Amino acid sequence: QKRLPPGPRGLPLIGNALQVPAGREWATFAAWAQMYGDFMYLSVFGRPMVVLTSPDAISDLLEKRGTIYADRPKLTMSGMIGHDDGVPLAPYDRQHKERRRLILNALGPRNATEMQQIHEDKMAQLLPRILESPSQFHQHIRWLVASIVYQFTHGHVVHDSHDRLFQLADQVNQDFARTIAPAAFLVDIFPFLRYLPDWFPGTGFKAVAKEMRKTWVRLRDEAYDDIQAQVAKGMAQPSFTANLIESNPERTPEEDFLYRNVSASFYAAASDTTVSAIESFFLIMALYPHIQTKAQAEIDAVVGSARLPTFSDKLKLPYIEALIKEIHRWNPVVPMAVPHRAMQDDEYRGYHIPAGCTVIANSWAILHDPTLYPDPFEVIPERYLIKTDGRRNPDPRAWAFGYGRRSCPGQVLAEDTLFLVVTTILATFDISKPLGPDGTPLELDATYSGSSISHPSRFECNITPRSQDIARLIKSMADIAGTQDAGLL
Ligand code: HEM
């Protein structure tokens, strides 16, 4: 009987299920918001859903009433696999606060120097890889993110893509993306299916869940058990996980389980997201050479040619900061954040929001709102530096990293990685469109795919050292890092 927010009319029983597209839902939701407003109601197979499409609506509900909207919708398939023990999908409770506290503490000022040192070391190893095989830059980016995260969380050196932990983690990420894709498994729409016997037709998802669970449990436990054994022998490398184990030798089984899940979630949450942002950087550089020239000029003026950029240069590089803001805005990595869930009945602007309602924040729509960002589909770093109509465009990071009690706890790490990649790559390489067989530049297709995490569709680009001196410097860095001995070049 209560008044629900406006929204597109659906069909009996299935509601709006047939109207919600399987890809780029954010663009469809943004178009619907033009008709129904920034606070819109949908129902999919009887499940209530609210879509928020303005800074005010998002802030009013997800930030100011954060305690009510801090939960996640329950996904049956993810639960069967065990993914909802990991941080991003876990229900909101006392334990979840602890999970977030552990991550935020680990990435806080106490460990900033160590984290920055890891970044600078791994960047020095990235450059020779790119110099030697620029066409494999996608793999090199993936290696970089894995090697930074696993050095920090497990004290583990990822040499190459054959690394056991790296391979397991990538399999888990692929499984995760497959599981949370909209309507990927019928059991998420009809949860009772999970109670049917295995022989019943249509229950093939159970075998899939079992396989995926095995991989997730291996990723979660194998590395943790190794570190636990090393801690017992007093031989553990310093790391986030070793620190968790050492700091609580009398931990309860509940605490131990929580540590395992936090430790395993780190890479799962950090990898595809950071990799996607770095890939967008390469794509933007190939598409917008004038932005690249301006960014390189700023780096050259501040850093010079005798050294590589470091974190201490950050405050002196405003154009780079503006470019990074555009990377977050132009094609946001998580276009609709991760869905939240109302934990109790609520009322907003005179409309009812039922308990259990899924709440989606359409970050993409805000980041492409022409009243906030004129020419939203163009990359224009100057929009943050020069006032238009008496104001600068707002910082997109307010929306790119999510909201309230579920906002991204890894933002500092993501921003550090992105800053160092952008500055170091621009200091050393030129990026341009790929060349055809006759040496003429080919057109680049700037399309994006994926659903919860959006990433550029596979693209090539031409990456060359900015000078022979730089190429020699990078080769000598490779010798110092010993990467040649390890057969990486
Ligand atoms: C460019 C890179 C990244 C972007 C754009 C990004 C963005 C986001 C977004 C939008 C959310 C959902 C927030 C919400 O539900 O309101 C999220 C959640 C999360 N992110 Fe990130 N993230 C990035 C990198 C990282 C990194 C490096 C870590 C490493 C620790 C991380 C850890 C997490 C975790 C654990 C969650 C779940 C938080 C929770 O449910 O309480 N993210 N991220």
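Q: At what angle do α8 and α10 pack, and how far apart are their axes?
A: Bear in mind that this is a predicted model. In it, the axes of α8 and α10 lie 9 Å apart. As for the angle at which the two helices pack, the value is about 105°.

Q: Are α8 and α10 roughly parallel or roughly perpendicular to each other?
A: Start from the packing angle of about 105°. Angles from 65 to 115 degrees count as roughly perpendicular. α8 and α10 are therefore roughly perpendicular.

Q: Which residues of α10 make the contact with α8?
A: On the α8 side, the contact is made by Leu 219, Arg 220, Asp 221 and Tyr 224. Their partners on α10 are Arg 260, Asn 261, Ser 263 and Ala 264.

Q: How many charged residues does the contact of α8 with α10 have?
A: Sorted by class, this contact has three nonpolar and two polar residues. That leaves the charged class, and the number there is three.

Q: Why do α8 and α9 count as oblique to each other?
A: Helix α8 covers residues 204–232 and helix α9 residues 240–247, and their axes are 10 Å apart. They pack at an angle of about 55°. Roughly parallel needs an angle under 35 degrees, and roughly perpendicular runs from 65 to 115. The pair α8 and α9 is therefore oblique.

Q: Is the crossing of α8 past α9 left-handed or right-handed?
A: The residues that meet here are Tyr 224, Ile 227, Gln 228 and Val 231 of α8 with Thr 241, Ala 242, Ile 245 and Glu 246 of α9. They divide into five nonpolar, two polar and one charged. As for the hand of the crossing, α8 passes α9 right-handed.

Q: Which helix supplies the largest share of the shell around the ligand?
A: There are 26 residues around the ligand, the closest being Ala 269, Ala 270, Gly 402, Cys 408 and Gly 410. Helices α4 (94–106), α10 (253–287) and α15 (411–428) each give at least two residues to the shell. The largest share is seven residues, and it comes from α10.

Q: Over which residues is the pLDDT below 50?
A: The protein averages a pLDDT of 93, and 98% of the residues score at least 70. The model as a whole scores ipTM 0.99 and pTM 0.95. One stretch, with 11 contacts beyond near neighbours in sequence, has a pLDDT below 50: residues 484–489.

Notes
Residues numbered from 1 in each chain as written. Predicted model: local features only at pLDDT ≥ 70, side-chain atom pairs only at ≥ 80, totals over all residues. Near = placed C-beta within 6 Å. Helix = DSSP H or I, 4+ residues; strand = E, 2+ residues; numbered from the N terminus. Axes fitted to C-alpha atoms, helices over the stretch in contact; angles between N-to-C directions. Parallel < 35°, antiparallel > 145°, perpendicular 65-115°, else oblique. Left-handed = near helix turned anticlockwise from the far one by under 90°. Contact = placed C-beta atoms within 7 Å. Nonpolar A, V, L, I, M, F, W, Y, C, P; charged D, E, K, R; others polar. pLDDT = per-residue confidence, 0-100.
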